[in-house]
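Visitor: Hi! Could you walk me through this one?
Guide: Happy to, take a look first.
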Amino acid sequence: MKFLRYLLVALIFGCAFAQVAVGQQTWRVRVDAKELDRGLLISKLQEHGADNHIKIVIANENYDYRVAYGTGGFTPYGAAGPSASVTKVFDARGSELFEFTRDGRKTDVGAANATAKEIIKRLKKLRGLG
């Protein structure tokens, strides 16, 4: 019986420390967009980054990635439908890493949410994390 108690305690502490052992990465990101779009995308990037053990820090210089983002109509980054977004992601040297659009979203929040998920997914893959 004593053995089971010790085993249970070891398992509980082992699980608790396993959560800490998963390293959190920090990505410095610059977001170029209209103010409302920028705020929505930053919020969603931070939310989905946290879900993947990634801390998103917003920076205007010395950044790892630059995200050019726009929603609805014609954006500075390309044409987009009324409930769509256009996104281009660049590395710190200015080389384009990828580009994509998200169509058929009912709101700008929905477009920002889908965009943030896709950015995290693709950057993880480029970094060999996913």
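Visitor: Which residues are buried in α3?
Guide: Ala111, Ala112, Ala114, Thr115, Ala116, Glu118, Ile119, Ile120, Leu123 and Lys124 of α3 are buried, where buried means under 20% relative accessible area with a 1.4 Å probe, protein chains only. This is a predicted model in which local features need pLDDT of at least 70, side-chain atom pairs count only at pLDDT 80 or more, and totals for chains, interfaces and linings use all residues. Residues are numbered from 1 along each chain as its sequence is written, and side-chain values use heavy atoms, leaving out hydrogens and water.
Visitor: And what covers the buried residues of α3?
Guide: The cover includes β1 (25-32), α2 (35-51), β2 (54-58), β3 (65-71), β6 (85-91) and β7 (96-102). Helices (H or I, at least four residues) and strands (E, at least two) are DSSP runs, numbered from the N terminus.
Visitor: What comes just after α3?
Guide: Glycine 128, with a positive phi of about 75°.
Visitor: Switching topic: what is the strand order in the open sheet?
Guide: The order of its five strands is β2-β1-β3-β6-β7, with mixed pairing; two strands pair if DSSP finds at least two bridges between them. β2 and β7 are the edge strands with a single partner each, so one side of each has no neighbour in the sheet.
Visitor: How many bridges join β3 and β6?
Guide: Seven, in the antiparallel sense. Valine 67, for example, has valine 89 in β6 as its bridge partner.

Notes
Buried means under 20% relative accessible area, exposed over 50%, partly exposed in between (1.4 Å probe, protein chains only). Contact means heavy atoms within 4.5 Å.
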